[in-house]
Amino acid sequence: MGMADREFDLVLFGATGFVGRLTARYLAAAAPDGARIALAGRSPEKLTAVRDELSGAAAIWPLLVADSSDQVALDALAARTKVVVTTVGPYLRYGLPLAQACANAGTHYADLTGEPLFIRECMDRFGERATETGAKIVNSCGYDSIPSDLSVYRIYRRSVEDNTGELTDTTLIARFKGGASGGTIDSGRAMMEAVATDPAKGSVLSHPYSLSPDTAMEPDVGRQSDQALSRASAIDPSLDGWVTTFVMAAHNTKVVRRSNALLGWVYGKNFRYREVMGVGNSATAPLVAAGVAGGIVTTLAAGALLSRLSAGRKVLDRILPKPGTGPSERARSNGWFSMQTFAATTSGAKYRGTFAGQGDPGYQATSLMLGEAGLCLAFDELPELSGILTPASAMGDPLTDRLRTAGLTIEVERT
């Protein structure tokens with residue numbers, strides 16, 4: 001069945017989860033008139049409850065029942081729609097059957113994964129098939145990793161316009177107000193448990209180019225570490241305060257480097273990328289920075305150790321937030337994020353990119369980004385590239401335009 005003959009433009013899978021409900025609300029408000037959208041999940045009662053919260057055309061959206069482990073049902077679902085948007089994670093545990101269904105059906109797909117192991121599995125198992133069928137399987141379409149990916153992409157585009165050469169040292173500084181979701185934490189657990197079962201998978205988490213389609217073609221720029229503890233002025237003289245390790249850097253940087261490779265290494269043969277988190281310039285900022293850097297290392301080490309033991313996993317079950325939970329509407333509205341990216345080029349030109357928005361990044365902003373990514377895949381004219389993709393390589397310019405129209409700030413200036 002060709003795309004034009006599909007019954008739906010977009011199916012939201014996992015609509016009954018916390019972020020799924022937020023995404024359903026966003027799509028109900030943002031989808032164009034006449035959009036053919038359906039809500040999918042494993043519980044018809046919960047799907048009905050979600051739809052009852054919606055108004056307008058969304059109040060009669062069809063409901064599709066499918067379980068994340070039912071390959072037959074997922075194959076049938078993927079064959080009925082142009083695009084599947086999924087919030088069902090951890091993706092390493094629950095996401096592979098749906099990605100397979102979309103790859104086989106030539107159906108475009110967007111998810112929220114922050115799991116390099118999942119992306120690597122998709123590449124190895126479904127990449128060739130998705131390329132054959134024309135499916136765009138686009139990972140990491142939320143706060144992880146659209147701001148990172150599009151910020152560098154937009155700086156690259158500006159450098160081409162200015163004819164200032166290739167990108168070299170590039171650093172993103174993340175600042176935000178908001179919390180980690182139970183789903184994000186559970187995704188981290190899923191990866192730790194996978195590595196505990198198969199230690200060889202640890203190299204996918206640690207190697208900077210583990211998501212590259214061809215590591216032999218990657219630039220040789222020496223060691224690239226995600227650990228950070230320094231003054232912000234070391235990144236750019238205009239900056240005050242301190243920076244420290246950003247917990248999602250290990251994932252986001254791999255996505256950005258993968259975009260560079262998928263686009264033909266257009267960012268440059270000496271492109272070096274990292275991400276850090278800003279902690280301000282107060283008298284206690286150095287202590288906060290050191291505490292965050294040390295705390296992340298300690299937490300990851302403890303989590304890895306506990307994940308190896310049955311008793312340890314039970315401890316984690318008791319103390320960690322549960323998937324599907326999240327903050328109040330007021331807390332979500334009071335959140336914000338601001339990502340600034342500083343880049344130099346081979347000619348000596350310097351750029352600063354800004355990607356910012358209002359709303360808790362892990363919930364409100366993420367549901368907006370995922371919703372717009374799904375609409376972009378369904379309705380916009382996109383590059384012909386197919387396979388296992390990144391936001392920048394699949395939708396760079398059209399998605400940027402959509403997110404700006406939706407109220408996010410995406411700017412690049414030469415400094």
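A: The secondary structure of the protein comprises 15 helices and 14 strands, where helices (H or I, at least four residues) and strands (E, at least two) are DSSP runs numbered from the N terminus. The model is a predicted one, in which local features need pLDDT of at least 70 and side-chain atom pairs count only at pLDDT 80 or more, while totals for chains, interfaces and linings use all residues. Residues are numbered from 1 along each chain as its sequence is written, and side-chain values use heavy atoms, with hydrogens and water left out.

Of the 415 residues, 53% count as buried, that is, under 20% relative accessible area with a 1.4 Å probe and protein chains only (exposed is over 50%, partly exposed in between). Strand E1 (residues 8-13) has six of its six residues buried, so it is largely enclosed by the rest of the structure.

Strands are taken to pair if DSSP finds at least two bridges between them. E1 runs parallel to strand E4 (residues 81-86), to which five bridges join it; there, Val 11 has Val 84 as its bridge partner. With strand E2 (residues 37-41), E1 pairs in the parallel sense over four bridges, and Leu 10 is partnered by Ile 37 of E2. Together with helix H1 (residues 18-30), E1 and E2 make a right-handed β-α-β unit: with the strands pointing away from the viewer, the path from the first strand over the helix to the second runs clockwise.

Helix H3 (residues 71-79) has Leu 74, Leu 77 and Ala 78 as its buried residues. These cover an arc of only 95° around the axis, which puts them on the same side of H3; the arc is that of the directions from the helix axis to the C-beta atoms. The cover over the buried residues of H3 includes E1, E2, strand E3 (63-65), E4 and helix H5 (96-105), through contacts, meaning heavy atoms within 4.5 Å.

Phe 13 is among the residues with the most contacts inside the largest nonpolar core, which has 102 residues. Such a core is a set of buried Ala, Val, Leu, Ile, Met, Phe, Trp, Tyr and Cys residues joined through side-chain atoms within 4.5 Å. Helix H14 (residues 361-379) gives the most to this core, with 10 residues. The core draws at least three residues from each of domain 1 (3-143 + 364-402) and domain 2 (145-358), with bounds from an automatic or database domain assignment.
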